[in-house]
Amino acid sequence: MPQTNPSHPAAGAAQVEQVEQVGAALRRKRLGMLDALLLLAALATYFFADLYLALATSVLIMIIFALSLDLVQGYCGIETLGHAAFFGSGAYAAGLFALHVSPDPLLGLAAGAVLAAAVGLVTGIVVLRVSGLTQIMLTLACATLLYEAGNVAKSITMGDDGLTGYSIAPVLGMFEFDIYGHTAYVYALVVLIVVYLFTRFLVNSPFGLAVQGIRENAMRMSLLGVRVGLRRLMLYTLAAAVAGVAGALSAQVNNIVALDTLSFTLSANVLVMLALGGTGRLYGAVLGAVVFMVLSDRIAAVDPTNWLAALGVLLIVVVRFAPDGLIGLVDRFSARLRRTRRRPVEAPGTASGAATSTPTDKEVTP
């Protein structure tokens with residue numbers, strides 16, 4: 001049997017590719033430099049951007065919402081246009097819980113997560129039976145039904161006027177929400193960190209890897225004995241709970257639950273965030289939400305009439321030149337740096353070293 005020559009350029013390129021794949025798998029298991037940079041940016045915002053804490057808090061909430069959509073669409077391949085159904089369910093659950101049961105914020109978060117998970121479980125049984133365009137329309141139909149239900153039940157939700165009149169107790173009984181937004185920002189940041197660590201653990205767990213396998217080839221995973229329908233429904237429910245946490249956080253921070261929390265506009269916005277950042281990567285949800293929210297605020301301040309057109313142009317450019325999203329650009333740049341550092345250093349006057357290393361470098365350098 002012929003054996004592969006390790007010195008052959010193609011074999012060297014294959015070995016380099018295998019090493020990179022193993023390295024990428026190991027890097028997904030641990031927190032990296034980008035995590036530290038994002039945390040540092042969040043802390044810098046708190047200390048040096050007091051005037052923008054309200055916007056920054058909204059960004060943190062949208063990051064949580066985008067993470068939940070990434071679980072559904074990026075990791076499981078479920079197409080949806082009605083993800084706001086879970087955000088709005090969590091928001092109304094937290095608002096009604098604070099109004100009628102208890103103003104404790106942590107209990108309100110739990111209430112929002114539980115109700116959103118219940119909505120995700122019920123709708124998922126119907127939505128996940130189909131795929132493609134039918135699945136997209138079913139998710140949109142479910143969100144529209146909830147929106148109309150919220151509009152009709154004015155005695156409970158207050159309809160278009162928004163759910164108000166409730167108050168939120170201090171976090172842990174010590175940290176009261178202030179008018180400047182300091183407590184709200186730290187509270188949202190801590191919740192985001194917990195949610196991010198949970199989603200990171202989830203997608204790298206055996207359950208998460210099985211779901212990613214279902215996304216790639218559901219038939220093959222079924223033949224391997226994986227209960228495809230159950231795994232998809234479980235992830236859909238968990239993602240709904242995460243979206244409910246984002247909605248509950250929004251209700252607690254803003255002290256109002258508007259009917260727009262169930263609207264198609266919110267579902268479309270979070271989908272654009274994920275398209276900008278990149279699907280199937282948690283970093284993509286983070287970067288996409290930050291870029292979308294910050295640019296929306298700044299462009300709307302400059303041109304309140306045509307700011308959506310500017311965002312549309314940005315989305316077209318990103319989709320055209322970075323189909324993997326902004327995180328794809330970051331990945332390619334970091335991969336180029338790693339390959340550059342891995343190149344063997346030639347000794348002066350060594351012709352053989354140059355002869356053996358040059359073809360391999362050409363193979364692995366983009």
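Modeller: Let us begin with the surface. Accessible areas come from the Shrake-Rupley method with a 1.4 Å probe, and for residues only the protein chains shown count as cover. Here the accessible surface of the protein comes to about 19,300 Å², and 67% of that belongs to carbon and sulfur atoms. This is a predicted model, in which local features need pLDDT of at least 70 and side-chain atom pairs count only at pLDDT 80 or more, while totals for chains, interfaces and linings use all residues. Residues are numbered from 1 along each chain as its sequence is written, and side-chain values use heavy atoms, with hydrogens and water left out.

Colleague: How many helices and strands does the protein have?

Modeller: Helices (H or I, at least four residues) and strands (E, at least two) are DSSP runs, numbered from the N terminus. The protein has 16 helices and zero strands.

Colleague: Which residues does UniProt list for "transmembrane region"?

Modeller: UniProt positions are given in the numbering used here, feature names are shortened, and annotations may be inferred rather than shown by experiment. The unreviewed UniProt entry lists residues 36–69, 81–99, 106–128, 184–212, 233–250 and 307–330 under that name. In the model, residues 106–128 are 96% helix and 0% strand, with end C-alpha atoms 31 Å apart. The span 184–212 is 97% helix and 0% strand, and its end C-alpha atoms lie 35 Å apart.

Colleague: How is burial read, and what share of the 366 residues is buried?

Modeller: A residue is buried under 20% relative accessible area, exposed over 50%, and partly exposed in between (1.4 Å probe, protein chains only). Buried residues make up 43% of the 366 residues in the protein.

Colleague: Why does Ala94 count as buried, and what does Ala94 touch?

Modeller: Ala94 lies in helix H4, residues 84–100. Ala94 counts as buried because its relative accessibility is 2%. Contact means heavy atoms within 4.5 Å. Not counting residues up to four places away in sequence, Ala94 touches Gly108, Ala248, Ala251 and Gln252. Ala94 and Ile168 are 74 residues apart in sequence, and their C-alpha atoms are 9.8 Å apart in space. For the protein, 75% of the contacts with a separation of 6 or more are accounted for by residues 24 or more positions apart.

Colleague: In helix H2, is Asp35 buried or exposed, and is Phe48 buried or exposed?

Modeller: Asp35, in helix H2, is buried because its relative accessible area is 12%. Leaving aside neighbours within four places in sequence, Asp35 is in contact with Tyr196, Arg200 and Tyr283. Phe48 also lies in helix H2, yet Phe48 is exposed, with a relative accessible area of 72%.

Colleague: Which residues form the nonpolar patch on the surface?

Modeller: Patches are made of residues with over 30% relative accessible area and no salt bridge; like charges are joined within 9 Å, and nonpolar side chains (Val, Leu, Ile, Met, Phe, Trp, Tyr) within 5 Å. In this model the nonpolar patch consists of Leu39, Leu43, Phe47, Phe48, Ile193 and Leu197, with about 620 Å² of accessible area together. Helix H2 (33–48) and helix H8 (182–204) each supply at least two of its residues, and the largest share, four residues, comes from H2.

Colleague: How many salt bridges does the structure hold?

Modeller: A salt bridge is a side-chain nitrogen of Lys or Arg within 4 Å of a carboxyl oxygen of Asp or Glu. The structure holds four salt bridges. Among them is the pair Glu216 and Arg215, at 2.9 Å from N to O; Glu216 is exposed at 58% relative accessibility, whereas Arg215 is partly exposed at 30%. Another joins Asp297 and Arg298 at 2.7 Å, N to O. Arg332 and Asp324 also meet in a salt bridge, at 3.7 Å, N to O; Arg332 is partly exposed at 41%, and Asp324 is partly exposed at 47%.

Colleague: Finally, what is phi of Met158, and what is phi of Leu172?

Modeller: Most residues other than glycine have a negative phi. Phi of Met158 is near 65 degrees, a positive value, and phi of Leu172 is near 60 degrees, also positive. Met158 is in the loop between helix H7 (154–157) and H8, and Leu172 is in the loop between H7 and H8. Met158 counts as partly exposed because its relative accessibility is 33%, while Leu172 counts as exposed at 57%.
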